[in-house]
Amino acid sequence: MLSNRALSALNATVFIAAKGHQHPPTTRELSAALGLSVSSLHGMLKLLDDHGIVRSFRGAEKRYEIKADPATTTAWDVVQIFDDPHPPVAQNAKEKETASYEYESTYCELLKDFLASQKISDQIAEIKSSSSSMAVAWA
């Protein structure tokens, strides 16, 4: 399961990328579009900036634009900044043989593979071709 923070980061990344370099959103615009407080966005956007996903710059207000290439950046690239959905580490051989360990391990691998196959640019195209709100790209 992905955390709300990771899902919000994916939505923010898609929103910023969809706005393009001509219309980089402000923190307040992101807040309104995603339904998140400005204070919760600051930390998340800082991490995205630190990892080269987005870039911030100042004008009259702080704005954000996509830095990473949306055609090659995947949902996994964003999620792994916030969550660590790696298979659990078994404490002993007996634990590794349990059904729950196997289930969780398989789930983590499937989730990682799925997220790694989802390009940010595909999400932008899907949103623009449907009547979906930008804020629910990864709901």
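Buried means under 20% relative accessible area, exposed over 50%, and partly exposed in between, with a 1.4 Å probe and protein chains only. The model is predicted: local features need pLDDT of at least 70, side-chain atom pairs count only at pLDDT 80 or more, and totals for chains, interfaces and linings use all residues. Residues are numbered from 1 along each chain as its sequence is written, and side-chain values use heavy atoms, with hydrogens and water left out.

**View 1. Helix α4 is mostly covered.** Helices (H or I, at least four residues) and strands (E, at least two) are DSSP runs, numbered from the N terminus. Six of the eight α4 residues are buried: Ala75, Trp76, Val78, Val79, Ile81 and Phe82. These buried residues pack against α1, α3, α6 and α7. Contact means heavy atoms within 4.5 Å.

**View 2. The largest nonpolar core has 32 residues.** Such a core is a set of buried Ala, Val, Leu, Ile, Met, Phe, Trp, Tyr and Cys residues joined through side-chain atoms within 4.5 Å. Leu30, Leu48, Ile53 and Phe82 have the most contacts inside it. At least two core residues come from each of α1 (4-19), α2 (27-34), α3 (38-50), β2 (62-66), α4 (75-82), α6 (99-117) and α7 (120-129). Helix α1 gives the most, with nine residues.

**View 3. Leu48 and its contacts.** Leu48 touches Ala9, Thr13, Ile53, Val54, Val78, Ile81 and Phe82. Residues up to four places away in sequence are not counted.

**View 4. Strands β1 and β2 form a hairpin.** Three residues lie between the strands. Strands pair if DSSP finds at least two bridges between them. Five bridges join β1 (residues 54-58) to β2, and the two run antiparallel. Arg58 stands opposite Lys62 in β2.
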